[in-house]
Amino acid sequence: MSQNHYNDREPVIRVVKRAELPDRQITLLRLLALILALAAGGLFILCVGYNPFVIYGTILSGALRSPMAIQATVKIIIPLLITSLGVTLAFKMRFWNIGAEGQIIMGAVFASYFALFHANWNHWVLILVMAAAGMIGGGLWGLLPAWFKANYGTNETLFTLMLNYKALHIVSWLQDGPWRDPGSQGFAKIARFDKNASLDKVLGVHFGWIIALILIVIVYVYLRYTKQGYEISVVGESQETARYAGMNVKKVLLRTMLLSGAVCGLCGMIQATGSDITLTTGVTGGVGFTAIIVAWLSQLNPVTILIVSVLFGILEKGSSVIQSSFGLSTDCADVLQGIILFFVLGCEFFIRYRLVARKKKDGGKERNKGGER
Amino acid sequence: MSVSEKQTVEILKVLYRGAQILILDEPTAVLTPQETEKLFAILRKMKEQGCAIIIITHKLHEVLEISDRVTILRKGKSIDTIETAQADEKLLTELMVGQAVSLEIERPLIEDRTPILKVVDLTVTRPDGSRASDDISFEIRRGEILGVAGVAGSGQKELCEAIAGLMKIDKGAILYEKENIIGKTPAEIIQLGISMSFVPEDRLGMGLVASMGMVENMLLKTYRNGRGPFVDRRPARELAEKLVTELDIVTPGVNTPVRLMSGGNVQKVLLGREIESKPNLLITAYPVRGLDIHSSYTIYDLLNEQKKRNVAVIFIGEDLDVLLELSDVIMVLSHGKITGFLDARKATKEQVGLYMTGAADKEVGA
């Protein structure tokens, strides 16, 4: 028969969805991916001319060798951890909030207002007001795309992304204009905050880390055990079902994005008043995007987010140490991070799909399916 | 073009390409009995011309009518292949289920039937602008099963959603215990004791959350109960466990995601939950879709039990034989309009079929 051309169209390798794997196997796959990532990274280090074991050892010791190093690592972890928790709230609802950057910045802007102009208030009142302002700033910045989505069905991915740049430009404008430090000559920047307006240190690090740990518990309990958390997961799964169950989908959407933005905004306040002690355009340090990876790698589980954030923090701090002690360029450290991420994320693909190679032709007689329903 | 015409074109297309084997999967789901007859005439002609035809169907009388040989599948295994001439419905059922079952659907008669829901001149428009319900009026009483017949897409889904408060209503009124429920939120309507279980083609659709387990799904409509911000999962777990034992639901555990369960079990979960919410009005659409005979009869029993408890049941079905045996009154929909009410105890399939195409004269009176 003349119809075997249908068979020729089958590609050499096909992607097939897997039946669901048991949890233990998934954990094993992930571990395997991590080992492969370290091996591939090691190969790369070897190619550049260093001993991978020494480099890996330095990353670890660089991040944890002394109390000072640990404090620096923790400072990297704090914003990443809080922001990951923030976006997790939105992601649970399948709302692609990639605007954490903007929400962090707006949180920082709102908090900075009080730090700059009301620095003479009672310290704790000021801190509380700044935290609230940060949450309101970030929350409103998150609420905006949610409101448009709820009412006009706009695409939240584009909307939240674009708001990042808006927020960034607001800070640029502030430091060039209204909030410009009069004491700075020529170079436009915002003044350093008063000591009264900066976060206190606990064990050598600003107490943002305590807030982060408390937030883990709050987000975990909120998503897992509250009615609102339940609503978030139903809306995320299917808005139709949520409506059927009598939920007010719009309300859930708005409320959740307000919270998601508020947590990110709180992160902005902590960064500005705890870490930078001023407001700059670099207040986020890019955590708004890294947090997305952290949240997904952790399967949106707050406790896993803690672990993944710590690992990310160690990697980042360690990388900076190998830069300084081995003269390895920043790019090499980035490549290394990239390789590790590539394997770990690739592993998620293989958890859901597998590849099937084309079978040898068996006579090629198979026909096109009779298209009928 | 009507659905049956579209289907004919589809078949012609395949023949034109020179197909020798035709595989039809549930081809009659969207057809009236008369149209089915036409399809079968085409198939017989094709057979005479030397085509091989495989027809997959859950309607046994179709198997007996059209096929020469019949293969019975059960849980993915081929059980037996027999000559159709030597088979009858009883034998086929036994082979399908693996044990003898009675094919009688009982139909208890409830004497005291007070009206509970009255739909007056209901008009609903789909998002694409077409009329889903066009000036529909009917009434349903407690202790009664109102069967709704009609080819797929005649406005059944929208009727369900309108009563459940999920669709915007253009005109008309829905009176529940003499109170107009239009404008109430779905949550308020659930509180009134109106419960809807719609089983769409993909089965999970809107009634269940696929990635959640039974316990979480039990909470869907009741999670608001109880004070405080926290969800109380204990009653839901108890309910899930109760349903598993009472309805013989097969699942590895009450927390296994329902998407991993078989279709029959999923439907039992859905219907079980709706019934356990002790509704006054139960709307159920296609509850036996894709189910094996055994599970189907479990569902019919469940519905009858509800009827005996003085619940009003709206049963939207595909299989006319079942509709005729189970319902008290049959309401026929065609293109969003009610084309007739029939006494299910007296009506015949052909009559219902005529109303389904909208061909019969409009006749009022239940």
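I looked up strands S10 and S11 of chain B, in a predicted model. They run parallel, and 5 bridges join S10(B) to strand S11 (residues 281–285). Strands here are DSSP runs (E, at least two residues), as helices are (H or I, at least four residues), numbered from the N terminus. Two strands pair if DSSP finds at least two bridges between them. I picked out one partner: B:Ile194 bridges to B:Leu281 in S11(B).

Before going on, I noted the ground rules: local features need pLDDT of at least 70, side-chain atom pairs count only at pLDDT 80 or more, and totals for chains, interfaces and linings use all residues. Residues are numbered from 1 along each chain as its sequence is written, chains are lettered from A and ligands numbered from 1 in the order in which they are written, and side-chain values use heavy atoms, with hydrogens and water left out.

**The sheet in chain B**

I traced an open sheet of 6 strands, in the order S10-S11-S12-S7-S13-S14, with mixed pairing. Its edge strands are S10 (194–198) and S14 (337–343), and each pairs on one side only. The twist averages 15° from one strand to the next. Angles run from 0 to 180 degrees between N-to-C directions, and axes are lines fitted to C-alpha atoms, for helices over the stretch in contact.

Which helices pack on the sheet? I found helix H5 (residues 156–163) of chain B touching S7 (145–149), S10, S11, S12 (312–316) and S13 (329–334). Contact means heavy atoms within 4.5 Å. The direction of H5(B) makes about 150° with that of S10(B). I also found helix H9 (residues 263–276) of chain B, touching S10 and S11 at about 175° to S10(B).

**Aromatic pairs**

I counted 19 aromatic pairs over all chains. Rings of Phe, Tyr and Trp (its six-membered ring) pair if their centres lie within 6.5 Å; planes under 30 degrees apart are stacked, over 60 edge-to-face, the rest tilted. The pair A:Tyr113 and A:Trp179 is tilted, because the planes stand at 35°, with centres 6.5 Å apart. A:Tyr113 lies in helix H5 (residues 100–117) of chain A and A:Trp179 in the loop between helix H7 (156–176) and strand S2 (201–202), so the pair ties together parts 66 residues apart in sequence.

I then checked A:Trp147 and A:Phe148: centres 5.2 Å apart and planes at 90°, so edge-to-face.
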